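Subject: Structure handover

Hello,

Here is the structure for you to take over. My notes on it follow below.

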Amino acid sequence: MATETVRGPTGIIHFNTRRCIHSRNCVLDRPDVFVPNVEGEWIHPERATPADLAALARNCPSGAIRFEPVGGAAGEEAPLVNTVRVRENGPLAFHAPLTVAGASDGLRATLCRCGASKHKPYCDGSHAAAGFAASGEPAAKESQPLAQRDGPVNVDPGKDGPLHVTGNLEIVTGTGKTINRTAETWLCRCGQSKDKPYCDGSHKAAGFRA
């Protein structure tokens, strides 16, 4: 993956261009730090405090922005509650200690659920051009509180099939409502399920390939 690294006096910003889904939180929250459409340097970590840079990274749903403090300071901590947020007409935004397709993948990632990404299992923004329509407010399922709400989460993108997710996880709507609590689930990534965000087997009839 193409990662741009910029060192400032109190911290380092790593920006992974292929992970970015253009949520624009960075340029809206700190337009002095992230200055797009200019010639030359466009990332300026020297313009913010370490706390502000850490908050900026945490606010990036895709994990495209990662902040590394210098001087021995602690980095971003794992969340107390693992979540996956169902974004309206868009991807699945995970926040948890992630392993994706067998590789450690940090704490944040946005995974494709429209089936059109050219960078599967990650979202690359193709849902917009594809006209993907899927609610970010799916119906709640009956579930019991988890005995533990944190810990590692493993995402296994099945060949030509769904995302098999294991680990403590709360499934959350775009407006922040928990609609399911699970330690194992299968989430649709072909865009065809009638029970989104869950897989219902539609990938087989649709001839989904990934």
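Does His-22 count as buried or exposed, and what is its relative accessibility? His-22 counts as exposed, because its relative accessibility is 63% and the cut-off for exposed is over 50%. Please keep in mind that this is a predicted model.

Backbone points

His-22 sits in the loop between strand 2 and helix 1. Its phi is near 60°, which is a positive value in a residue other than glycine. Ala-101 is another such case, with a positive phi near 55°. Ala-101 belongs to the loop that runs between strand 6 (98-100) and strand 7 (103-104), and it is exposed at a relative accessible area of 55%.

Lys-120 and Pro-121 are joined by a cis peptide bond with omega about 10°. Pro-121 is part of the loop between strand 8 and helix 3 (126-130). The bond from Lys-196 to Pro-197 is also cis, and its omega is near 10°. Pro-197 is placed in the loop between strand 11 (178-187) and helix 4 (202-206).

Three strands make an open sheet in the order 1-2-3, and their pairing is antiparallel. Strand 1 (3-7) and strand 3 are at the edges; each has a single partner strand, so one side of each has no neighbour in the sheet. Ignoring direction, neighbouring strands here are turned against each other by 20° on average. Strand 1 and strand 2 run antiparallel and are joined by five bridges. Thr-5, for instance, has His-14 in strand 2 as its bridge partner.

Phe-15 is also in strand 2. With a relative accessible area of 8%, Phe-15 is buried. Beyond its neighbours within four places in sequence, Phe-15 is in contact with a list of residues that includes Ala-2, Thr-3, Phe-34, Trp-42 and Ile-65. Ala-2 is 13 residues from Phe-15 in sequence, and the C-alpha atoms of the two are 8.3 Å apart.

Helix 2

Helix 2 lies across strand 2 and strand 3, and it runs at about 150° to strand 3. Which residues of helix 2 (residues 50-58) are buried? They are Leu-53, Ala-54, Leu-56 and Ala-57. As background, an α-helix has 3.6 residues a turn, so residues three or four places apart point the same way. The buried residues of helix 2 pack against strand 2 (11-16), helix 1 (25-29), strand 3 (65-69) and strand 8 (108-111).

Helix 4

The last item is His-203, which is found in helix 4. Where His-22 counts as exposed, His-203 counts as buried, at 11% relative accessibility. Which residues is His-203 in contact with, leaving aside its neighbours within four places in sequence? They are Asp-160, Gly-161, Pro-162, Cys-190 and Phe-208.

Regards

Technical notes
Residues are numbered from 1 along each chain as its sequence is written. This is a predicted model: local features need pLDDT of at least 70, side-chain atom pairs count only at pLDDT 80 or more; totals for chains, interfaces and linings use all residues. Side-chain values use heavy atoms; hydrogens and water are left out. Buried means under 20% relative accessible area, exposed over 50%, partly exposed in between (1.4 Å probe, protein chains only). Helices (H or I, at least four residues) and strands (E, at least two) are DSSP runs, numbered from the N terminus. Contact means heavy atoms within 4.5 Å. Two strands pair if DSSP finds at least two bridges between them. Axes are lines fitted to C-alpha atoms, for helices over the stretch in contact, and angles run from 0 to 180 degrees between N-to-C directions.
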